[in-house]
Amino acid sequence: INTGAALTVSNWSLSGGTTTIAENLTYKGTFTEVAGAVLTLVAGDKLTLTGATSLGGLIHGASRVTVSTATAVGLTIGGTVIFEDSVAVNQTGTVTVGDKTTSAATLTVDAGATWTIAGGGGIGRGSSSKSTINVKGTLTNSETGLSVVAVKVVDTGTMTATTGTLDFTKGLSGTGTMSVNSGATLEADLTASSTLSMTFNGGNAVLALKDAKGFAATINGFAP
């Protein structure tokens, strides 16, 4: 899709192959990308999806994709793509930030937006240790089992373990808040910076630390 192009159809589906975006494009209809499909973004161009969106393939290239209301199942954010959640993303399958190359990808949850891990076991990381999740809004979970976030997180918003176990296996930094609800577990396996805060929301909330010395966040609401 080249410069000057516009899409006015009500449904746009990528069922395989590679589609290249070489245009700043806003699409207002229903967008679907299934497993096996590749969406490539040319550097400097941006794709904005404002309608109902389902993502299950690879997004690759060197630009930005912004979604409003989306379901993510089997999505890989590759290249140096910045994937931006501007309103609400419901994750029902595996999501990977970064691909098999050394390029670093970014997942951003905007201020006021929510990313909910509802299934898929969490958010994985590709080959690059520089891939990042930027939480400016809310990152939370709703699946009752284990949700593993295996990507480093910069939290300037809110991260909440609502149910089950929300396990962060990489470093946590930023100036935001973390919290754990009654009956849930928030697990931090590596470091958490002193500029973060952690709050217990009710009884039977659990904070599990693999490296207690590395967890420097301020803890609130703890009642032994």
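Glutamate 84 is buried, with a relative accessible area of 13%; buried means under 20% relative accessible area, exposed over 50%, and partly exposed in between (1.4 Å probe, protein chains only). The structure is a predicted model, in which local features need pLDDT of at least 70, side-chain atom pairs count only at pLDDT 80 or more, and totals for chains, interfaces and linings use all residues. Residues are numbered from 1 along each chain as its sequence is written, and side-chain values use heavy atoms, with hydrogens and water left out.

**Glutamate 84 and its salt bridge**

- Glutamate 84 is found in strand S10; helices (H or I, at least four residues) and strands (E, at least two) are DSSP runs, numbered from the N terminus.
- The count of salt bridges comes to one, where a salt bridge is a side-chain nitrogen of Lys or Arg within 4 Å of a carboxyl oxygen of Asp or Glu.
- In this bridge the side chain of glutamate 84 meets that of arginine 64, at 3.0 Å from N to O.
- The pair links distant parts of the chain, since glutamate 84 belongs to strand S10 (residues 82–91) and arginine 64 to strand S8 (residues 64–72), 20 residues apart.
- Arginine 64 counts as partly exposed, at 28% relative accessibility.
- Apart from residues up to four places away in sequence, glutamate 84 touches Arg64, Val65, Thr66, Val67, Thr108 and Asp110; contact means heavy atoms within 4.5 Å.

**The largest nonpolar core**

- The largest nonpolar core has 55 residues, and Phe83 and Trp115 have the most contacts inside it.
- Such a core is a set of buried Ala, Val, Leu, Ile, Met, Phe, Trp, Tyr and Cys residues joined through side-chain atoms within 4.5 Å.

**Aromatic pairs**

- A pair of aromatic rings is described by the distance of the centres and the angle of the planes.
- Rings of Phe, Tyr and Trp (its six-membered ring) pair if their centres lie within 6.5 Å; planes under 30 degrees apart count as stacked, over 60 as edge-to-face and the rest as tilted.
- A search of the whole structure finds four aromatic pairs.
- One of them joins tryptophan 12 and tyrosine 27 edge-to-face, with 5.3 Å from centre to centre and 85° between the planes.
- Tryptophan 12 lies in strand S1 (residues 11–14) and tyrosine 27 in strand S3 (residues 25–27), so this pair ties together parts that are 15 residues apart in sequence.
- Tryptophan 12 is buried at 11% relative accessible area, and tyrosine 27 is buried at 0%.
- The rings of phenylalanine 200 and phenylalanine 222 have centres 5.5 Å apart and planes at 45°, so that pair is tilted.
- Phenylalanine 200 lies in strand S24 (residues 197–201) and phenylalanine 222 in the segment after strand S26 (218–220), so the pair ties together parts 22 residues apart in sequence.
- Phenylalanine 200 is buried, at 13% relative accessibility, whereas phenylalanine 222 is exposed, at 55%.
- Ring pairs also link Trp12, Tyr27 and Phe31 into a cluster.

**Methionine 198**

- Methionine 198 lies in strand S24 and counts as buried, at 0% relative accessibility.
- Methionine 198 and threonine 158 are 40 residues apart in sequence and 9.9 Å apart in space, C-alpha to C-alpha.
- Beyond residues up to four places away in sequence, methionine 198 touches several residues, including Met178, Val180, Leu207 and Phe215.

**Strand S5 and its partners**

- From strand S5 (residues 38–41), Val38 and Thr40 point one way and Leu39 and Leu41 the other way, and all are buried.
- Strand S2 (residues 18–21) pairs with S5 in the parallel sense over four bridges; two strands pair if DSSP finds at least two bridges between them.
- Valine 38 in S5 is the bridge partner of threonine 18.
- S5 is also joined to strand S7 (residues 58–61) by four bridges, and the two run parallel.
- Leucine 41 stands opposite glycine 61 in S7.

**Strand S17 and its partners**

- Strand S14 (residues 122–125) pairs with S17 in the parallel sense over two bridges, and glycine 122 stands opposite valine 148 in S17.
- S17 pairs with strand S20 (residues 165–168) in the parallel sense over four bridges, with valine 148 opposite aspartate 167 in S20.
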